[in-house]
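The points follow in numbered order.

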Amino acid sequence: MELDAVRTFVAAARLGSFQEAATELAITQQAVSKRIAALERELDVRLFTRGARGAQPSIDGQAFLPHATALLQAAERAVASVRPGSRTLRVDVITMKSQPKMLLRGFHEAHPDVGLDVVTLFDGDSAIAAVQAGTIDATFRYVARDRRLPAGVEAARVLDEPLDLMVGPRHALATARSTTLARLAGHRIWIPGIVPGVEWGVYYERLAAEFGLAIDSVGPNFGTDHLMDVIAGSSDVATFLGDRTRLAWPAGHDLRRIPVLDPTPAYPHSLVWRSDNRHPGLRALRRHLAARRAPDRDDRFWTPETLDTVDSVDALDRPDTVDAWDRPGTVDA
């Protein structure tokens, strides 16, 4: 069913005149007649009767009118859902306890007018495939330097998330004010649920190889609560977690967060997006991240090398990869 014909029928029924409908729609009266005649043939009914009062909807036309109006309204909602600025910006983060989630929270507070949908996909492969397919607008992921991104997909490193060591009160390092990666050699660091090939697994493999760590991924992942229960009761199990990750545990657990120094392991998060994505919310997010990303790497951190298809922090906001936009001033944190 042609929407133009339906739109013409609704206008003629509302105005009671083919001529007035033609004027409103900026077409000829002949075009109005042809569209309505085609719609009548398709529906196999007569939609109008003509009399001294002009064109009035027939009984069938009166029955069809509310449905035709609803059809046009549905079409308008469908168009509006993908109109620039109308659709919610959909962004993936590795977990809801990660630093990128806090970055997005800050972005939302600075740009409350941008609709935001935060999701957590299982792994980097799935997330990058979703970016390429257009089912999400962007993802925060560790993108290893030797990784190949699909054509048209770009990445820029935007955040290094320092890691702390978490231990229970019986652990040998429980009273330490800080520790080093070298000192952790020989200690069991438990990170359950690592699937071979996923990007966080690759990160920990490279960290372990670089510093001779024993990272144990054996056992099912029952979530953070179970992990904390095990660590609280163990004298030899520790784990890593982001230094700003907020966790709540029972008072009796008495867990300890110990900074790791010289160097501090940090998880590198890159923003990954399609270069042809013109969503204004994505542009605003990239500006927001560009304003907050330090231009140089922190020498205190250890990170594996990442793939950056965008060469600098400023390039996150470069107009040659997206439509030009007004350059904003400083955005409040």
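**Salt bridges, pocket and surface**

1. Glu199 and Arg141 form a salt bridge, with their closest N and O atoms 2.5 Å apart. Glu199 belongs to helix α8 and Arg141 to strand β5 (residues 138-141), so the contact ties together parts that are 58 residues apart in sequence. The model is a predicted one, and the distances and areas in this note should be read with that in mind.

2. The contact is part of a wider arrangement. Asp92, Arg141 and Glu199 are linked in a network of salt bridges. For the structure as a whole, the count comes to 15 salt bridges.

3. Another of the salt bridges joins Arg14 to Glu24, and here the closest N and O atoms are 2.5 Å apart. Arg14 sits in helix α1 and Glu24 in helix α2 (residues 18-25), so this pair connects parts that are 10 residues apart in sequence. Arg14 is exposed, with a relative accessible area of 51%. Glu24, at 43% relative accessibility, counts as partly exposed.

4. Which residue does Arg188 pair with in a salt bridge? The partner is Asp216, and the closest N and O atoms of the two are 2.9 Å apart. This pair links distant parts of the chain: Arg188 is in strand β8 (residues 188-190) and Asp216 in strand β9 (residues 214-216), 28 residues apart. Arg188 is partly exposed, with a relative accessibility of 32%.

5. The largest pocket holds about 840 Å³ of space. Its lining is made by 29 residues, and those nearest the centre are Thr95, Ile191, Tyr204, Thr224 and Phe240. By class, the lining of this pocket comprises 16 nonpolar, 11 polar and two charged residues.

6. Which element gives the most to the lining of the largest pocket? Strand β10 does, with four residues. The elements that each supply at least two lining residues are β6 (153-167), α8 (199-211), α9 (224-232), β10 (237-242) and β12 (264-274). Helix α8, one of these contributors, also carries Glu199 of the bridge in point 1.

7. Strand β6, another contributor to the pocket lining, contains Leu163. Leu163 is buried, with a relative accessible area of 5%. In sequence, Leu163 and Phe301 are 138 residues apart; in space, their C-alpha atoms are 9.6 Å apart.

8. With a relative accessible area of 31%, Leu3 is partly exposed.

Key:
Residues numbered from 1 in each chain as written. Predicted model: local features only at pLDDT ≥ 70, side-chain atom pairs only at ≥ 80, totals over all residues. Heavy atoms only, no water. Buried < 20%, exposed > 50% of the residue type's maximum accessible area, 1.4 Å probe, protein only. 1 Å grid on protein atoms, 1.4 Å probe; cavity = no way out; pocket = protein on both sides within 12 Å on 5 of 7 lines; lining within 4 Å. Points joined across faces, edges and corners; volume = space filled by probe spheres on them. Nonpolar A, V, L, I, M, F, W, Y, C, P; charged D, E, K, R; others polar. Salt bridge = Lys/Arg side-chain N within 4 Å of Asp/Glu carboxyl O.
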